[in-house]
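Q: Could we go through this protein model together? I would like to understand its overall make-up and then some details.

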Amino acid sequence: MTATYTAYGHEAALVCDWISNQAGLRAILTDIAGAESDVTVDDWEQACGQAQNLVWRTTTEAGRARLIWEWLKSVAEQDVPIHNRPITMISSERNLNAILREVTESVVMPLFDYLGERIGSESSVLYHLERYVRRVEWFDRDDLHERYTANTRQGEKVYDDHLRRFLFDQGLDMPFSQPKSASGLSDVIGELDTDDPLVCEVKVFDADGHDKRGITSGVHQVIHYAQDYGKSTAYLVVVNLSGRALELPTDGTGKQWPPFVDIAGVRVHLIAVRALPTVSASKMGKARPVAITREDLADPDA
C-alpha cells in the first residue's frame, strides 16, 4: 500500500518470496494452481486496460486468487515496469503512487483475503497431507504395518481408516469412507456439504500383488470421483510398502511437492508415504527405485 512505483516490483518480490516459504500458504496456492487456468494474466490485464476498469474474467474465488498470484509473480519478475502495465488504467488518479495504492487495494488485497480465510478456517488439504506423511513415517509406521499384515486382504482399509481419523482430527468435517458417487466408491471424500468437497483415494503399493496398475487405477478413480462432484483437484495417497523408492511423474517443476498430473481437466496430487518399517542401512542393499511414468498413469489399460 505504501510502496512507490520505483520500489513496487521489489516489494512484490519480497511478498512472493515470503508467501512461497510458508508451507500452509504454499499448499493453498498449489491447490488452486489449475483453477480457471484458461484465463491468462496477459488477457485479463489487457481487458482491464481496454475497459479502464477492473474486469474479472474468473467466476470463482479460487480462480481469481490464482490469477492475482500469477499477476503478482509477474510484477515481481519486473519484465514490464509496473507503471507501464495495462492494469494501471483501472484508476482515475493521475499520480503514479496513488494509482498503485488503488491497484493494491483492488487487485492484490482479494488474494490476501482469500489466503487469510483459507488458512484461518479450513487450512489446506496438501498441508494436512504433508503432515500425515510425516506422522506415518516418523511415528505410526510399525503399528500400521503390523495391523496391515494381520489381514492383508483388508489391509488397505487400515491405512484408509488411519487417514480419515487424522483428517478429522485436523478439522475436516467429515472425511468418511466410501460414499456413493456416480462412479462408484471413493476411500475418502469429505466436506460434501460444502462448496469444496475433498476427493481422495488410498492405494497400497508393494511391487508385487499391489503394483503399478493399482496406482494407475487409483488415478482414474479419483478423476471420475472429481468429475462426479464437479472438482478440478483430487488426491491419491500411495502407501508404499515395497521398501523401494517411488519415482512419480509430475507436470510441475521437479522440486515441487507433491508431484501432480493434469488429466481430463483434473489435477491429481500424488502423495507417497514410505510405510514399510525400516531396517538398518547396512541391510538395505542397492537402491532400486520404481519409476512410474506419466504414460503409465494416463493409460487406464496399462
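Q: What is the mean pLDDT of the protein?
A: The mean is 86, and 86% of the residues reach 70 or more; pLDDT is the predictor's confidence in each residue, from 0 to 100. Over residues 174–178 the pLDDT is below 50, although this stretch has 22 contacts in the model beyond near neighbours in sequence. A contact means heavy atoms within 4.5 Å. Where pLDDT is low, the predicted coordinates should not be read in detail.

Q: How many helices and strands does the protein have?
A: There are nine helices and ten strands. Both are DSSP runs numbered from the N terminus: helices are H or I with at least four residues, and strands are E with at least two.

Q: What percentage of the residues count as buried?
A: Of the 302 residues, 46% count as buried, meaning under 20% relative accessible area (1.4 Å probe, protein chains only).

Q: Changing topic, how much space lies in the second largest pocket?
A: The second largest pocket holds about 550 Å³. On a 1 Å grid over the protein atoms alone, a pocket is an open set of points where a 1.4 Å probe fits, with protein on both sides within 12 Å along at least five of seven lines. The volume is the space filled by probe spheres set on the points, which are joined across faces, edges and corners.

Q: Which residues lie nearest its centre?
A: They are R26, L29, T30, W69 and Q256, out of 22 lining residues, each having an atom within 4 Å of a point.

Q: Which helix supplies the largest share of that lining?
A: Helix 2 does, with five residues. Helix 2 (23–31), helix 4 (61–77) and helix 6 (125–150) each supply at least two.

Q: And L297, where is that found?
A: L297 is in helix 9 (residues 294–298). L297 is buried, with a relative accessible area of 0%.

Q: Which residues does L297 touch?
A: Not counting residues up to four places away in sequence, L297 touches I215, T216, V219, H220, P249, V261, I263, L270 and I292.

How values were computed:
Residues are numbered from 1 along each chain as its sequence is written. This is a predicted model: local features need pLDDT of at least 70, side-chain atom pairs count only at pLDDT 80 or more; totals for chains, interfaces and linings use all residues. Side-chain values use heavy atoms; hydrogens and water are left out. Buried means under 20% relative accessible area, exposed over 50%, partly exposed in between (1.4 Å probe, protein chains only).
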